[in-house]
Amino acid sequence: MPARTLLEARELCLGYGSGLILEAVSLTVKEGEFWFLLGQNGTGKSTLVKAILGLLQPQSGVIRLHADLKDRRQVGFVPQQPEINPTLPTTVREFVTLGLVGIHSRPRDTAQRLSGALERVGLLGMERQDYWSLSAGQRQRVLVARALARHPRLLVMDEPTAGLDPTAESTLMGYLDTLNRVEGLTIFCVSHDLATAARRASHIALFDAGRILAGSTKDVLTQDNLQRIYGVVVGPVSQEMDLQHAPTRGHY
Amino acid sequence: MIAEFIDSWGLFGQIYLSGWLIALLLSMIGVLVIAKDQIFLSAAVSQASTLGIALGMWAGVLIGAGTDTWIRSDAFLSVMAVLLAVIAALVTSRERSPYTESPEAVTGWVFLVSASGSILLLAHSPHGLAEIYRLLSSSLIGAAWEDVWLFALLSGVTALMLGLFHRRLLLLAIDPAMARAMGTRIGTWGIVQGIWLGLAAGLAMRVSGLLYTFGCLVLPALVAKSICREIRTMFMVAPLVAVSVGVLGFVLANYYDFPPAQMTVVLLCLALALAWFVRSRRRRTQRPRIVRP
């Protein structure tokens with residue numbers, strides 16, 4: 001059975017005020033795909049995420065979500081950092097259940113969603129833990145759990161590994177990989193990490209000068225495209241590439 | 001001490017009840033103000049309602065001089081207090097882009113223009129100026145039984161709203177970007193919250209004055225923040241602190257013949273200092289010890 005289309009953008013133009021950030025963007029995201037959005041700062045990755053979340057109206061073109069996602073109850077969002085005031089007291093349980101805003105759930109269902117979400121990011125048993133006592137990597141996994149508590153079919157992430165050390169980053173990406181491969185969760189992830197994208201993504205959108213090049217990792221992550229966009233010659237690029245030679249965050 | 005307090009109930013019952021209900025109402029709303037980290041906003045909103053009262057009195061002098069019209073009525077002053085407080089709450093809590101002026105700057109502007117404007121408007125009216133000074137220093141003496149019913153109603157509605165929407169209100173307060181991404185209309189909710197804060201603060205200002213209103217908005221919530229492990233429990237602890245300290249304050253004020261509003265605010269400040277001390281001790285004992293080989 002062919003995978004269902006969750007998201008479709010056609011000739012999408014996005015911007016703020018009269019300024020145009022993205023022009024004529026077209027891409028199709030199907031169920032079970034793992035997308036990485038790559039590109040330099042200011043090329044419109046987060047702008048596209050805002051449009052997908054319904055926070056920014058297109059200047060022209062269309063963005064279509066699957067009928068089940070239109071009210072965005074089954075869309076999970078993981079920001080780069082939570083905006084929460086660090087002097088406020090909160091526990092992992094409270095933080096994760098805040099993700100259930102707009103979803104009617106009875107206490108028993110809430111408890112099940114909470115434990116299920118925490119289990120999927122390796123934090124089961126830490127419900128009563130003070131959120132601020134966690135490491136940066138664990139807090140980021142709690143953010144993912146907050147999105148997973150909604151039982152999303154599409155998980156949108158805006159640089160979820162920013163500021164994490166390599167171990168925490170690898171752990172988080174490992175959990176995301178499992179969610180995608182084992183549970184078939186569709187993931188749409190903004191990142192600067194070319195090496196991780198090459199290893200984990202099924203599809204990539206490369207952002208450059210207001211346009212994007214979208215497709216399967218093999219088709220998009222070519223030497224020519226990377227040289228044109230990042231301006232450097234890199235090592236062999238494929239899903240089986242030698243990661244020692246792949247550019248990582250901050251090295252291109 | 002308690003027997004004397006009970007004896008005074010017949011004379012001051014409506015004042016005591018109004019004071020406690022104001023404390024109850026404002027402490028519930030205060031949790032959201034503290035969660036948003038907008039302490040100064042509540043001072044600006046309270047001060048703006050003083051400007052509303054000053055504007056009402058000034059209009060009464062200018063338009064209704066020598067007559068007994070509606071513009072000189074107490075109800076008109078209350079409406080003006082609420083109106084200006086609501087406007088201030090909406091202006092200061094409005095979502096801004098990073099390129100416009102910061103909310104703190106706008107809040108400071110509202111506070112300063114309200115504080116100086118209310119004095120300037122009534123500078124040549126001895127009665128008006130005395131009323132402004134009374135509001136600034138806080139006095140509950142003018143509270144009536146109608147105020148008791150009004151604040152009981154507002155407290156009930158606020159508790160109901162918090163019970164129904166506490167998760168959404170909390171997310172809106174602490175992480176508006178996330179709330180928006182989850183489909184919450186943060187503009188509409190911001191307006192509703194602004195109107196509610198303005199209504200509560202404006203009416204409380206009219207009855208109790210600036211010190212008591214500002215104190216009850218921020219101090220119980222700050223005490224709760226220091227002793228609670230979760231934000232949602234702050235919604236229960238803050239009203240409990242506000243009312244219990246209010247009762248103690250009023251009993252002591254009655255016994256030692258001090259103004260109850262100031263006594264309550266001082267006790268709340270002491271409670272906050274104690275909560276800070278307890279929290280620092282707790283953190284010190286929870287800190288992991290490094291064992292050297």
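User: Where is B:T158 found, and why is B:T158 called buried or exposed?

Analyst: In this predicted model, B:T158 is found in helix α7 (residues 145-174) of chain B. The relative accessible area of B:T158 is 4%, and buried means under 20%; therefore B:T158 is called buried.

User: What makes the pairing of B:T158 with B:W196 a polar contact?

Analyst: The side chains of B:T158 and B:W196 approach to 2.8 Å, and the cut-off for such a pair of N or O atoms is 3.5 Å. The value lies within the cut-off, so the pair counts as a polar contact. B:W196 is also one of the residues that B:T158 touches, along with B:L25, B:M28 and B:I29, not counting residues up to four places away in sequence.

User: Why is the pair B:F5 and B:Y16 described as it is?

Analyst: Over all chains, the count comes to 16 aromatic pairs. The ring centres of B:F5 and B:Y16 are 4.4 Å apart, with the planes at 25°. Centres must lie within 6.5 Å, and planes under 30 degrees apart count as stacked; the pair is therefore stacked. B:F5 belongs to helix α1 (residues 2-7) of chain B and B:Y16 to helix α2 (residues 9-35) of chain B, so the pair ties together parts that are eleven residues apart in sequence. B:F5 and B:Y16 are both buried.

User: What makes B:F165 and B:W189 an aromatic pair, and of which kind?

Analyst: Here the ring centres lie 5.3 Å apart and the planes stand at 65°. The distance is within 6.5 Å and the angle is over 60 degrees, so the pair of B:F165 and B:W189 is edge-to-face. B:F165 lies in helix α7 of chain B and B:W189 in helix α9 (residues 186-208) of chain B. B:F165 has a relative accessible area of 30%, between the limits of 20% and 50%, so B:F165 is partly exposed. B:W189, at 17%, falls under 20% and is therefore buried.

User: How do you know that A:R153 and A:E31 form a salt bridge?

Analyst: Their closest N and O atoms are 2.9 Å apart, and the rule asks for a distance within 4 Å; therefore the pair counts as a salt bridge. A:R153 lies in the loop between α4 (136-148) and β6 (154-158) of chain A, and A:E31 in the loop between β2 (19-30) and β3 (34-39) of chain A, so the pair ties together parts that are 122 residues apart in sequence. A:R153 counts as buried because its relative accessibility, 14%, is under 20%. A:E31, at 27%, is partly exposed.

User: What makes A:R93 and B:E230 a salt bridge?

Analyst: Their closest N and O atoms are 3.2 Å apart, which is within 4 Å, so the pair meets the rule. Across the interface of chain A and chain B, the rule finds two salt bridges.

Definitions and conventions:
Residues numbered from 1 in each chain as written. Chains lettered and ligands numbered in written order. Predicted model: local features only at pLDDT ≥ 70, side-chain atom pairs only at ≥ 80, totals over all residues. Heavy atoms only, no water. Helix = DSSP H or I, 4+ residues; strand = E, 2+ residues; numbered from the N terminus. Buried < 20%, exposed > 50% of the residue type's maximum accessible area, 1.4 Å probe, protein only. Polar contact = N/O pair within 3.5 Å; in protein donor to acceptor, adjacent residues only side chain to side chain. Contact = heavy atoms within 4.5 Å. Salt bridge = Lys/Arg side-chain N within 4 Å of Asp/Glu carboxyl O. Phe/Tyr/Trp six-rings, centres within 6.5 Å; stacked < 30°, edge-to-face > 60°.
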